[in-house]
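Biologist: Please display the model, and let us then discuss its surface and its packing.

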Amino acid sequence: MSFSLPVLAPFFGNSSPSAADPNEPQSLPDFILPTADGGDMRLSERAASYSTVVLIFHRGYDCTGCRAQLAELQSGYNDLRIEGAEVLAIGLDDQLNTQRLAQQLGVRFPMLVDATGVVASSYGLRDALETDFTNAILILNGDLQLLATRLATSTDQTLPVEAIVDAIREANGTGDAGGTAS
């Protein structure tokens with residue numbers, strides 16, 4: 001249940017793992033996606049208002065592991081906001097199911113619709129989400145640079161918000177010396 005810092009190079013088609021400097025955060029592509037409530041959201045515009053953005057890519061409405069992780073993020077949303085973070089959930093589902101999921105879980109963070117998987121593909125995550133993983137959590141700074149990642153399988157336990165807060169603090173250089181064990 002640990003994060004890897006800072007590069008997810010093998011999942012990005014245009015990135016060469018040998019060219020990636022592990023000491024330099026990797027820049028991620030910007031996107032615009034519809035929201036569950038019918039609006040549109042641009043990642044860079046939202047990220048500019050926060051020190052950190054927690055992106056959670058998930059399979060969608062029928063994924064019980066995804067529901068558990070989204071519920072955990074909702075339960076700790078205030079703690080994440082205290083750290084200056086925003087959560088954006090990106091589902092590989094249609095708008096109706098995304099809206100139903102948001103309502104059922106009572107989430108206060110934006111739920112975005114990536115029904116065609118174009119954004120998940122641009123991040124190199126679509127195939128992994130459709131086959132091996134239930135969700136992927138990426139932590140970005142306001143400049144869309146990747147700071148930390150975690151991919152979860154259906155057999156993984158839900159990642160506690162405390163671990164995400166610890167990863168944010170570590171990535172921002174504000175964590176304590178003890179930190180969270182990997």
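Biologist: What does the accessible surface of the chain come to, and what percentage belongs to carbon and sulfur atoms?

Modeller: This is a predicted model, in which local features need pLDDT of at least 70, side-chain atom pairs count only at pLDDT 80 or more, and totals for chains, interfaces and linings use all residues. Residues are numbered from 1 along each chain as its sequence is written, and side-chain values use heavy atoms, with hydrogens and water left out. By the Shrake-Rupley method with a 1.4 Å probe, the accessible surface is about 8,500 Å², and the carbon and sulfur share is 45%.

Biologist: Is His58 buried or exposed?

Modeller: His58 belongs to strand β4 (residues 52-58), strands being DSSP runs of E with at least two residues. Among the residues that His58 touches are Leu70 and Leu101, where contact means heavy atoms within 4.5 Å. Buried means under 20% relative accessible area and exposed over 50%; with a value of 2%, His58 is therefore buried.

Biologist: How are α2 and α4 oriented to each other?

Modeller: Helices are DSSP runs of H or I with at least four residues, and axes are lines fitted to C-alpha atoms over the stretch in contact, with angles from 0 to 180 degrees between N-to-C directions. Helix α2 (residues 64-75) packs with helix α4 (residues 95-105) at about 50°, the axes being 10 Å apart. Angles under 35 degrees count as roughly parallel, over 145 as roughly antiparallel, 65 to 115 as roughly perpendicular and the rest as oblique. The two helices, α2 and α4, are therefore oblique.

Key:
Buried means under 20% relative accessible area, exposed over 50%, partly exposed in between (1.4 Å probe, protein chains only). Lists of a residue's contacts leave out its neighbours within four places in sequence.
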